[in-house]
Each structure stands twice: as structure tokens, then as C-alpha cells.
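Here are my notes on the model you sent over. Have the viewer open while you read, and click on each residue as it comes up.

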Amino acid sequence: MASLGHIARESSDIKRLAEFYIEVFGFEEIESPDFGDLKVIWLNLPGAFAMHIIQRNPSTNLPEGPYSATSAVRDPSHLPMGHHICFSVPNFDSFLHSLKEKRIETFQKSLPDGKVKQVFFFDPDGNGLEVASRS
């Protein structure tokens, strides 16, 4: 059986992105190997998975994220059918309140049966995120 090991995100500001995931989701910074010129920050979400935040290398020509498109869409209401990572939380309303306190623009909806509440938003680099209530 497979399980999620880690997610990697490339960023031009790895400290800013790491602080976002630590502050919003409770990731913890863990020791990462010394890759020489390649700067990385490794994070761990206890009991879940790790995230590797890698300093952007402009020579790779990888897309930077949704905001790098020629007609960028920063509207979180587009995320339910687009690229995103989903987290679940035990206290959805408290989490939603914390996003509002941080002035993060969100889009809310529920699954058709109404049992699972969802909130969609972007991280500082424009990566799509969803947080769902636990059913």
C-alpha cells in the first residue's frame, strides 16, 4: 500500500513560504541535508507527511505557479476544480476564523450532501489549498 511521503514546493522566498505553512497548518521545521548551493527547508506535519520547500532555480524553466500564467486568476473560487492540496482539520470553524484573522482571501463551500465544509485559498506563492472539515 502506498502512502504520501512528502510534497515539494519551489519558491523564490523559501523562508516566507515555510513560515506560512508553520503558522497556518502547524508544520514543524526539521533538519534537512546540506545540498551545497541548493537551499531547502524541510517541514513535517506530525502524523501526516513532510513538505520540502526548495529555492527556485530560474534556469529550470518550471512554471512558478498559478500567478505566473499570462492571465493569472487569484480568485479562490476557481480552486475547487483546479490544482490544490487538501488538508483536513478537527475544528473547521476555528481554523476558518484563524484564516480571517490573517486576512487570507477565501472561498467556502460544502460537498453536495452538506456533511463536509470546505474552504479554498492560496499560499503566498499562489499554490491552491483546501481545508475540509472532518466528516
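1. Start with Asp 93 and Lys 117, whose side chains meet in a salt bridge, at 3.1 Å from N to O. Keep in mind that this is a predicted model. Asp 93 lies in helix H2 (residues 92-101) and Lys 117 in strand S7, so the pair ties together parts that are 24 residues apart in sequence. Are these two buried, exposed or something in between? Asp 93 is partly exposed, with a relative accessible area of 47%, and Lys 117 also counts as partly exposed, at 34%.

2. You'll find Val 116 in the loop between strand S6 (107-110) and strand S7 (117-122). Val 116 counts as buried because its relative accessibility is 11%, and the cut-off for buried is under 20%.

3. How many salt bridges does a search of the whole structure find? The count is three. The general idea is simple: side chains of opposite charge can pair when their charged atoms come close. Another of these salt bridges joins Asp 125 and Arg 16, with the closest N and O atoms 2.2 Å apart. Asp 125 sits in the loop between S7 and strand S8 (128-133), while Arg 16 is in helix H1, so this pair ties together parts of the chain that are 109 residues apart in sequence. Asp 125 is buried, at 12% relative accessible area, whereas Arg 16 is partly exposed, at 35%.

4. Then there's the salt bridge between the side chains of Glu 10 and Arg 56, at 3.0 Å from N to O. This one links distant parts of the chain: Glu 10 belongs to strand S1, Arg 56 to the loop between strand S4 (49-55) and S5, and they are 46 residues apart. Both Glu 10 and Arg 56 are buried.

5. Arg 9 is in strand S1 (residues 6-11). What is the nearest side chain of opposite charge to Arg 9, and how far away is it? That side chain is Asp 123, at 4.7 Å. A salt bridge needs the nitrogen and oxygen within 4 Å, and Arg 9 is buried yet has no salt bridge. Leaving out neighbours within four places in sequence, Arg 9 is in contact with several residues, including Leu 17, Met 51, His 52, Ile 85 and Asn 127.

6. Let's follow up one of those contacts, His 52. His 52 is part of strand S4 and counts as buried, at 12% relative accessibility. His 52 and Arg 9 are 43 residues apart in sequence, but their C-alpha atoms are 6.3 Å apart in space. Setting aside residues up to four places away in sequence, His 52 touches His 6, Ile 7, Ala 8, Arg 9, Ile 41 and Trp 42.

7. Arg 103 is worth a click for its backbone. Most residues other than glycine have a negative phi. Arg 103 is not a glycine, yet its phi is positive, at about 60 degrees. Arg 103 lies in the loop between H2 and S6, and it counts as exposed, at 77% relative accessibility.

8. On to the second largest pocket, which has a volume of about 160 Å³. Two elements give two or more residues to its lining: helix H1 (14-25) and strand S5 (85-89). Which of them gives the most? The answer is S5, with four residues. The lining includes Val 24, Phe 25, Leu 45, Phe 95 and Arg 134. By type, the lining residues divide into seven nonpolar, one polar and one charged.

9. Finally, zoom out to the whole chain. The chain has two helices and eight strands, arranged along the sequence as β-α-β-β-β-β-α-β-β-β. Of its 135 residues, 36% count as buried. Among contacts between residues at least 6 apart in sequence, 56% join residues at least 24 apart.

Methods:
Residues numbered from 1 in each chain as written. Predicted model: local features only at pLDDT ≥ 70, side-chain atom pairs only at ≥ 80, totals over all residues. Heavy atoms only, no water. 1 Å grid on protein atoms, 1.4 Å probe; cavity = no way out; pocket = protein on both sides within 12 Å on 5 of 7 lines; lining within 4 Å. Points joined across faces, edges and corners; volume = space filled by probe spheres on them. Nonpolar A, V, L, I, M, F, W, Y, C, P; charged D, E, K, R; others polar. Buried < 20%, exposed > 50% of the residue type's maximum accessible area, 1.4 Å probe, protein only. Lys, Arg positive; Asp, Glu negative; His and termini not counted. Contact = heavy atoms within 4.5 Å.
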